[in-house]
Structure formats: C-alpha cells, structure tokens
Amino acid sequence: MKLSLDRASSINSPTYFIADIAANHDGDLGRALDLIELAAKSGANAAKFQNFKAETIVSKRGFSELGKKLTHQSKWEKDVFQVYKEAELPISWTEKLIEQCNRFEIDYFTAPYDLDFIRMFATLMPYYKIGSGDITWKESIELMASTGKPILLATGASDIEEVREAVSLIEKYNLPYILMQCNTNYTGEFDNFKFLNLNVIASFKEEFPKAVLGLSDHSQGHVAVLGAIALGARAIEKHFTDDVNRVGPDHAFSLDPTAWKKMIEDARILEMALGDGTKRVEANEVDARIVQRRALRFSRSLKAGSAITSNDLIALRPCPANGISPFNKDEVLGKVLLRDVDGDELVTKDLLTSS
C-alpha cells in the first residue's frame, strides 16, 4: 500500500503505517534486516531509518555546557555525543536495507539529518522525512524540497509560526506533503498524554488545505493513534522494535510486533467505523428501524364516519412500511374513517378520507 499524497482522496484511504526502526538496529545489520521483516509481517507499510553523523547533528561541547542531561537523555549513561555516535546508521547498509524492504513489499525511506545525505538519498527513496528537530533548519528543508520529492514534516516542540514557515518553504515548490502532529517527549511517561494535543490535527486540517494529515507518535500504546485517525490522520509513524526492554535510546517507547499488530487491527476496525460522514439509514439498520420506531395506532375501536382526534391515536412500536410516523400526526387529525376499526389497529392512509 502506498502513501496517499492527495488530501481530498486521503481521507477515504487506509492509514499508512510507518515503522520507525530508528536506532533500534543497535548497530547490527542483521537486526536491522530482521526488524524490517518483523515490521512488514506486523502490518507496517514502510520501514523508516534515520541517517545522521554525530559530528553534524550534535555538538559534544554544547551538550557538555548544558551542565546536565535533559528529558529522555537523563537516562542515558553515556554522553549525548557518544550515544549519537553509536547509533549512526552505516551508509554501507543502505542497499541491503532497501533490498529487504523490497523483498517484503514495503517502502524504505530515511530521515537524513545531514545535507550530504539529503543529496545522496534523493534517488533512493520515495519520500523525505523532516524530523521535528530540523523544522527550523531552512537549508535542509529547501534542499529536500528542491528535489521534488514528497515530504513528511513532523512538528514536535514547534509553535504554529514555525510550522507555517516550514510549510511555506515546502509549498513554494508545489510539493505534496504530509503534516504530522507530534509531541517530542520520548520519556514514555503516562502524563505525556496530557500534552499530545491531537486536536492540532483538526487545526492543521483547516489551515493547511493541501496537507495530508499525520501523526508522529511517541506515546505508550496506540490510543493516540486511533484518536489521530478519527481526526483525519492518514499517515502514522511509530517506533518499532522486537523487544522494548533492550538497552538503547529508542526501544522503551517503541511498539513490539504484538502491540504493532494490535494497533493495525484496531485502526482497520476504526476505519470501517468512520464511514463517509453522510447521515442516513444504514443498510444494517433497516429492520431495526421497523422494530424501534413508533407508528400511529388507534387507541380504541371507532365506527366508520368518525373524525379522528388526538385522543383516538397512540404512538407505539413497531412501525411497518405502511405505518404513519408520529411526526405526521397532523396529517391524520380531522380525517374521517372509511370503515370500522379496532383498538390497537395500525393507522394507514387507506382507512382515511383524503381530505
């Protein structure tokens, strides 16, 4: 399944699920290939990686000068630069990662956090992903946009002005793009649900009519994912691993294959339930409409020639096809009976005078 790139048609398309393997390869190509296979068999539509060089994404001195480790990094035993260094994805793996994705018929793409990588990956994948941390890196956004490839833009830890500026850079190139609500807190704590602000997706829907909507999610479980889909998101990015207890920067807030499959199953059920938004009597409600609706019945026996009054009528279930709805009681009042009727008999038009 491919990612819908058209806003109008995306809303009626199945949700596209991106398994963000990120640093969960733990420096082992075999693990990376196994995770692609597991992700595909768990229902993912794409496996995503992150290509960066520690030297061009973080400042060793800068993090040292902060004086302490913040948020999720506070649990890292090694210094920030070293963690990034060890999580680097070797470029030499790229061909094998793409082959593995092709083998299991899912998309491969990466978030390139380096200008050279942006150029290098231009011909190797169908989309670019701009991580939340790079939403203000204008040079990177423009370089990606200049290639003409669709872009997924995550908006974690951003205000609306930053989002508008980044989107304007992309729209300048008239590209399809996916705008993803995101909360960039990787601690996995329950309180993070208070800050997911999924209704931003509804705001994006109004302000950015060209954008396909999405969610890049780092919360526990898949409650937020279902909420996002209900709000119109059709691209979901979640971290994926085979064991959430492994040591590494991304394992703890990832989903394992069992949890991932459950997310997909529940999402597909939700998509069935969402419908097209048109209020109507649904096909499976036709019989229920008969037994649950009330119809006018005679409250007592009456003789032919009687003029119908309100006291002669009672609204009771069921309402067969020839019944008269209580909504239309005024059309019955004052009419004259053409024959004798019994109490509890259904009121039908053929029993009444036409005027």
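This is a predicted model: local features need pLDDT of at least 70, side-chain atom pairs count only at pLDDT 80 or more; totals for chains, interfaces and linings use all residues.
Residues are numbered from 1 along each chain as its sequence is written, and side-chain values use heavy atoms, without hydrogens or water. Local features need pLDDT of at least 70 and side-chain atom pairs 80 or more, while totals for chains, interfaces and linings use all residues.

Q: How many aromatic pairs does a search of the whole structure find?
A: Rings of Phe, Tyr and Trp (its six-membered ring) pair if their centres lie within 6.5 Å; planes under 30 degrees apart are stacked, over 60 edge-to-face, and the rest tilted. The search of the whole structure gives 11.

Q: How many residues apart in sequence are the parts that the pair of Phe 52 and Tyr 84 ties together?
A: The pair is edge-to-face, at 5.5 Å centre to centre and 65 degrees between the planes. Phe 52 lies in the loop between strand S2 (46-51) and helix H3 (54-57), and Tyr 84 in helix H5 (residues 80-87). Helices (H or I, at least four residues) and strands (E, at least two) are DSSP runs, numbered from the N terminus. The separation is 32 residues.

Q: Is Phe 52 buried or exposed?
A: Buried means under 20% relative accessible area, exposed over 50%, and partly exposed in between (1.4 Å probe, protein chains only). Phe 52 has 6%, so the residue is buried.

Q: Which residues do ring pairs link into a cluster with Phe 52?
A: The rings of Phe 52 and Tyr 113 form an edge-to-face pair, with centres 6.5 Å apart and planes at 70 degrees. The cluster joins Phe 52 with Trp 76, Tyr 84 and Tyr 113.
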